[in-house]
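Hi,

Here is the structure I promised to pass on. Have a look, and my notes follow below.

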Amino acid sequence: MNSPKDLDPSPNNMGVARRFFQLLNAQNVVYCHWKSIDHLDDSYEAKTDLDVLVERHDSHLLESVARGIGFIECDTPNLRTYPGVRDLVCYDPLFDRFVHLHLHCQLVIGDRWTKAYRVPVEREILDRRVWCEEYDTYTVSPEDE
């Protein structure tokens, strides 16, 4: 694992999100950008959240990379949170915005206010992830989104 000094959030004017995914790839973390892949520009420019799915046993690697470039965990109000999702934020000086990362370790299905069903499909979704050349990022397959 790289030391924190190696995890500069934005070398060569690279935004935090792009650097984050670059480091995940370098660490061979199995992840995928989980939602809203039809507007990845907005994710990379911190105009919308980054929703990243990772297997629970790899979540510590993803979190280590995130913390290494300046992400900190947020306390989310109970009415705004979901099981298996953690919220982290990091300021991106390139875009003068905060990057909001939703770290998904499990997927819970149901209406927004009930989210009552746990179907263990994370591994299958991660197995079907696709490489997005334009963004150097793994994304959820179109069928799974």
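Predicted model: local features only at pLDDT ≥ 70, side-chain atom pairs only at ≥ 80, totals over all residues.

Numbering runs from 1 along each chain as its sequence is written, and side-chain values use heavy atoms, with hydrogens and water left out.

The chain has 4 helices and 9 strands (DSSP runs, H or I of at least four residues and E of at least two, numbered from the N terminus). Of its 145 residues, 43% are buried (under 20% relative accessible area; exposed is over 50%, partly exposed in between, 1.4 Å probe, protein chains only).

Now the aromatics: there are 8 pairs (Phe, Tyr or Trp rings, six-membered for Trp, with centres within 6.5 Å; planes under 30 degrees apart are stacked, over 60 edge-to-face, the rest tilted). Tyr31 and Tyr138 are edge-to-face, because their ring centres are 5.7 Å apart and their planes at 80°. Tyr31 sits in strand β1 and Tyr138 in strand β9, so the pair ties together parts 107 residues apart in sequence. Tyr31 is buried at 0%, whereas Tyr138 is partly exposed at 24%. Tyr138 also pairs edge-to-face with Trp131, at 4.8 Å and 65°.

Arg129 lies over the face of Tyr138, 3.6 Å from the ring centre (the cut-offs: NZ of Lys or CZ of Arg within 6 Å of the centre and within 35 degrees of the ring normal).

Cheers
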